[in-house]
Amino acid sequence: MISANVPSKREQVIETWMLSIIKDGGVDRFDDLHVDRIDDKWKHRNIWFEAGLEAWHLAIHLRDKHRLDYTVVLAFSLEAGESTRGVDFTTRAQLESCFDWSPPSLYLFRRNQEPRMRTAVAGAENISVKDVEPKMFGLPVEARHCYYIEFRQIDTGAYSRTVFVEG
Amino acid sequence: MQKQVERGQAPKSVDRVGKGRVPGEKDNVHFDDGSALNNDGTWKHGGRPLTNPEKLWLTENGWKLP
């Protein structure tokens, strides 16, 4: 997945983010890195899927290079409303059509504190976690876990829907 | 709030409004300088004094200020 001609700037941006949030507490603040902050060319919605996976692979490579004991998580934010929707996609194209306005982003989590483990936390209710088959994306996603989370934000009443890819 | 951004009704410095995607994560505003503020007034990324238009817009939408 990591091509030989990937500009080093992308790796530099991800590496700087990764090392800084471990140092300054950003991991606990959910300080994520959106793909449009990694590369201006990744601003366009039609390449968010591939950009997200490319960024995820780069981040895993850098995590391993620095021997960091964290899980790299890629998040695709989906449109949501005032009620639950569940997993309403079975193909990559359908998933992409569900993307909301926010570009995909990378998170770092300590082991065993990944999003799928957060089923009872303050500020969120009706938390639903469902596994998603990586093959539906049509790409060789070497994910440890791939899943969908939907929950209701208690303070706003709005639902949040996201697909996460862990590595 | 994102609709307000898209309609040009938010301060120009606001890039977008992000939803909390991880259970426990707050909704947040991304500013064009890269900083991001949570709806409880804590900084998610970066941090700086807010402008008066930013303060007004956030409080009108029920957000807490840093």
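In what order do the six strands of the open sheet in chain A stand? I began there and found the order 1-3-2-6-5-4, with antiparallel pairing; I took strands as DSSP runs (E, at least two residues) and helices as runs of H or I with at least four, numbered from the N terminus, and counted two strands as paired if DSSP finds at least two bridges between them.

Before going on, I noted that this is a predicted model, in which local features need pLDDT of at least 70 and side-chain atom pairs count only at pLDDT 80 or more, while totals for chains, interfaces and linings use all residues. I also noted that residues are numbered from 1 along each chain as its sequence is written, that chains are lettered from A and ligands numbered from 1 in the order in which they are written, and that side-chain values use heavy atoms, with hydrogens and water left out.

**Sheet of chain A**

I looked up the edges of this sheet and found strand 1 (33-34) and strand 4 of chain A, each pairing on one side only. Strand 2 and strand 3 of chain A run antiparallel and are joined by six bridges, and Thr71(A) stands opposite Phe109(A) in strand 3. Helix 3 (residues 48-65) of chain A packs on the sheet, where it touches strand 2, strand 3 and strand 6, and its direction makes about 170 degrees with that of strand 2 (axes are lines fitted to C-alpha atoms, for helices over the stretch in contact, with angles from 0 to 180 degrees between N-to-C directions).

**Sheet of chain B**

In chain B I found an open sheet of four strands in the order 1-2-3-4, again with antiparallel pairing. Strand 1 (14-18) and strand 4 (43-45) of chain B each have a single partner strand, so one side of each is left without a neighbour in the sheet.

**Where the chains meet**

Next I looked up the contacts (heavy atoms within 4.5 Å) and found 36 residues of chain A touching 22 residues of chain B. The buried area, meaning the accessible area (1.4 Å probe) lost on being put together and summed over both parts, is about 2200 Å², of which carbon and sulfur atoms give 46%. Phe30(A), Arg37(A) and Trp101(A) supply 28% of what chain A buries against chain B, more than any other three residues.

How many salt bridges cross this interface? The rule (a side-chain nitrogen of Lys or Arg within 4 Å of a carboxyl oxygen of Asp or Glu) finds five, and one salt bridge joins the side chains of Lys44(B) and Asp32(A) at 3.6 Å, N to O.

Note on methods: Buried area = accessible area lost by both parts, 1.4 Å probe.
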